[in-house]
Amino acid sequence: MATRGKRTNRTRGRAVLALLALLTALVALVAGCSNGGAAGPVAQQEPDATVTVTQEPAVGASDVAPSAPVSVTASGGTLQNVALTSPAGKVVQGTLSSDRSTYTVTEPLGYGATYTWSGTAVGTDGDTTPVDGSFTTVEPESVTSVTTYIADGQEVGIAAPVILKFDAPVADKAAVEKSLSITTNPPTVGSWAWLADDGGSRVHWRPKNYWTPGTTVHVAGNLYGTDYGDGAYGESDFTLDFTIGRSQIVKADATSHRMQVVRDGATIMDIPVSYGEGNEDRNVTRSGVHVVTEMHEDFLMSNPPYYENVRERWAVRISNNGEFIHANPATTGVQGSANVTNGCINLSLSDAEEYFGTAMYGDPVEVTGTRIDLSPADGDIYDWAFDWETWKSMSALPAGNDTAAALPSR
């Protein structure tokens, strides 16, 4: 009995040892599968987050137009404490987009100045990229200013052109014209045209036909920073708002020796007058559409060698060659029967005063029946002497830059 029991214990011991060996092998196998060996899976690492900063104009740029777009954009991040600073240390005005990814400068820069960026761009991983560097705006050889003939808020007649007079010649007329815009209510077809320089370039805009009474007009010139060519740049932007008044047209037929004033289609005056004698070219009243430009209750007129510094009453200028509609008691006896003047349209004192009270800058005066037409030789406003196709061809842009834009309601 004792001998059998001893063999049984030995057998059980061997079984335990075998089980332990098996467990050890299994542990080793499991450990081998998880130790990064070639046969096992490899853990994927997240790529580093990056932020890219784009600046316009580029860092180090020179001769930048002060009206050019200026901005900073952070791709893959947001902007913090971004600013553009002038040489004097002034922070230029700007706005940050709602997602904080783009900062845009909102005010024009100065000429010939170096501007410097500051701030940071923060990536999604928290890493920062500096916003820095500088650029320099162009230094013009000269700046050119512009003057408008119509005042802001003025009411004018139906033939009034928009006139912009520059104080120096403009070399790149197309660039300047692209910076100009006109919007009207109701929509009005018209075009810019460059006329002969007169101490500086000038560009006029006129409608294809007379303005519609009551039209509102908005003119804008984004000229600051515009390259005029030959080293010249625009001095400043401008806007102009004016209104077209009632329709009044003067019908002046020299062969009839009379003059009619037509208001909104109705004749309100039909009076005897005297036109230019016509014996010399200088005395011929020009045929064509004149435009009222000045009005004087008293005016000293000269026309050497005929007269000099003669006081005339109720004088309405209709061209820059000395043509007026005015009172002249000396010709009252022939008014309505003969043309004896030196080119002006003579009225009686009472008729001249009455007409004077109806006149407005921009009114058309349609003279007919004489042997010489109004032309550029007569200076100032001769816009209506050109037919429409010719007028459009005087634009610096293709197709005459026709305009037919509606002014938004206010």
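1. Helix H3 spans residues 349–356. Its buried residues are Asp351, Ala352, Tyr355 and Phe356. Viewed down the axis of H3, these fall within an arc of 135°, so they line one face of the helix. Buried means under 20% relative accessible area, exposed over 50%, and partly exposed in between, with a 1.4 Å probe and protein chains only. The arc is that of the directions from the helix axis to the C-beta atoms. Helices (H or I, at least four residues) and strands (E, at least two) are DSSP runs, numbered from the N terminus.

2. A word on the source. This is a predicted model, in which local features need pLDDT of at least 70, side-chain atom pairs count only at pLDDT 80 or more, and totals for chains, interfaces and linings use all residues. Residues are numbered from 1 along each chain as its sequence is written, and side-chain values use heavy atoms, with hydrogens and water left out.

3. Gly190, Trp192 and Trp194 are buried on one side. Ser191, Ala193 and Leu195 are buried on the other.

4. E14 pairs with strand E15 (residues 202–207) in the antiparallel sense, over 6 bridges. Two strands pair if DSSP finds at least two bridges between them. Leu195 stands opposite Arg202 in E15. The two strands form a hairpin with 6 residues between them. In the turn, Gly199 has a positive phi of about 75°.

5. An open sheet of 3 strands runs in the order E9-E18-E17, with mixed pairing. Strands E9 (142–144) and E17 (227–229) stand at the edges with a single partner strand each, so one side of each lacks a neighbour in the sheet. E17 and E18 (residues 232–234) run antiparallel, joined by 2 bridges. Asp227 has Tyr233 in E18 as its bridge partner.

6. Now the largest pocket. Its volume is about 240 Å³. A pocket is an open set of points on a 1 Å grid over the protein atoms alone, where a 1.4 Å probe fits, with protein on both sides within 12 Å along at least five of seven lines; lining residues have an atom within 4 Å of a point. The volume is the space filled by probe spheres set on the points.

7. The pocket is lined by 18 residues, and Asn303, Asn321, Gly322, Glu323 and Asn342 lie nearest its centre. Strand E24 (294–303) and strand E25 (307–317) each supply at least two lining residues. E24 gives the largest share, 4 residues.
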